[in-house]
Amino acid sequence: MSLLLRASEIMKLPVVAIDCADAVADVKDVVFGAQEGEIFGFTLNNRGFFAGPMKRVLHWDDVTGLGRDALMVESTDVLRPLKNDEVGDLAAQKDRSVIGSDVLSDGGSRLGSVTDVIVMCGAPPEVVGYEIEASEAMGPRSGKKVLIPLPDTLSVSGQALMVPAAAEAFVADDLAGFGASVEEFRSQLGGTRP
Amino acid sequence: MSSLRNLIGRKVMDRGRAEQIGKVSGVVVDTSSGDVRIASLRLSGAGDEHEFADWDHVTGSGEDAVVVDGVDNLHPPRTTLEERLKSGDTELLGKRLLSDHGNEMGKVDDVDFDGTSGRIEHLVARNDRIEGSRLRSVGPYAAIVTCPHEGGCPG
């Protein structure tokens, strides 16, 4: 099974360019696109002597591999100037972060609010679920942080993330069992993400 | 099969004069094609003008010595890879081994190579032997290999 990571764990990982086998930046922050409810990209920090915010960003589409130890890109050429860039613009709009958004089931229950995004590592990596702080609608799990799988399609707005009520049956308490939950959930929905 | 760890420090002899020229201090590995191989040797004790020997000029690599076909064929660094080895960037032994999926796999403990062709057969890390053809690049941060696990690195 592929490795699952919280987006918050991706912060501080080095960005390694494969062509020169060098660490060319550190991940500063994960930039979420609220419209799609997924990761758009990353803001970066310089490494070493010039440590501090880098005036470049990395788009999710340019990531070729994401593991527990590094975020991989083909070359430094894919690091784009921050100015006039979609990821840079999103990073400047803190209120667009998916973190804190309410998660509603299409059965009409508020399941909780998003505390983190779960990413399945690989090449390319994939967003497969959310960590949410469970609401009272989730019974005994209320108040706890649980993991809910993401369907292949997801309705989002500035107000809430809408997931099928069926997702509730595949909620997991930790990452150990979550990979299987995602697979079973998507299998039941009859679709996989592209 | 030869060991890179054993090769380092081995004396280098000039075939024509039967004299020691220096010792092997490093190897330049060319990963630009799927046929990953030693491109040249770096020598210590031979002087700045005779710091590198192309593998094509190595006539033999045995347990006791590496033999090259003439000191005239030695040269200062003249490729980017040789310049980078000189700065320590592309040293393989002891380097962090990283899969192209972003997972560390230990450090490069040794490298098995073919003593005749210079072809890299395996990278040895922990108890794993990773095919040399999987080596994609060597740089200041890591030696990067194509992930050997189908469907992604294990968690």
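No disulfide (a pair of cysteine sulfur atoms within 2.5 Å) is present in any chain of this predicted model, the count over all chains being zero. Residues are numbered from 1 along each chain as its sequence is written, and chains are lettered from A in the order in which they are written. Because the model is predicted, local features need pLDDT of at least 70 and side-chain atom pairs count only at pLDDT 80 or more, while totals for chains, interfaces and linings use all residues; side-chain values use heavy atoms, with hydrogens and water left out.

Helices (H or I, at least four residues) and strands (E, at least two) are DSSP runs, numbered from the N terminus. The buried residues of H3(A) are A:Phe178, A:Gly179, A:Ser181, A:Val182, A:Phe185 and A:Arg186. Seen down the helix axis, they fall within an arc of 160° and so line one face of H3(A), the arc being that of the directions from the axis to the C-beta atoms. A:Glu183, A:Ser187 and A:Gln188 are exposed on the other side. The cover over the buried residues of H3(A) includes strands S1 (4-6), S10 (110-120), S11 (126-134) and S12 (145-149) of chain A.

Turning to the interface, 23 residues of chain A are in contact (heavy atoms within 4.5 Å) with 20 residues of chain B. Together the two chains bury about 1,500 Å², 53% of it on carbon and sulfur atoms; buried area is the accessible area (1.4 Å probe) that two parts lose on being put together, summed over both. In chain A, the residues losing the most area to chain B are A:Ile18, A:Ala21 and A:Arg68, together 30% of what that side buries. One salt bridge is counted between chain A and chain B. In a salt bridge, a side-chain nitrogen of Lys or Arg lies within 4 Å of a carboxyl oxygen of Asp or Glu; B:Arg136 and A:Glu74 meet in this way at 3.2 Å, N to O.

Technical notes. Buried < 20%, exposed > 50% of the residue type's maximum accessible area, 1.4 Å probe, protein only.
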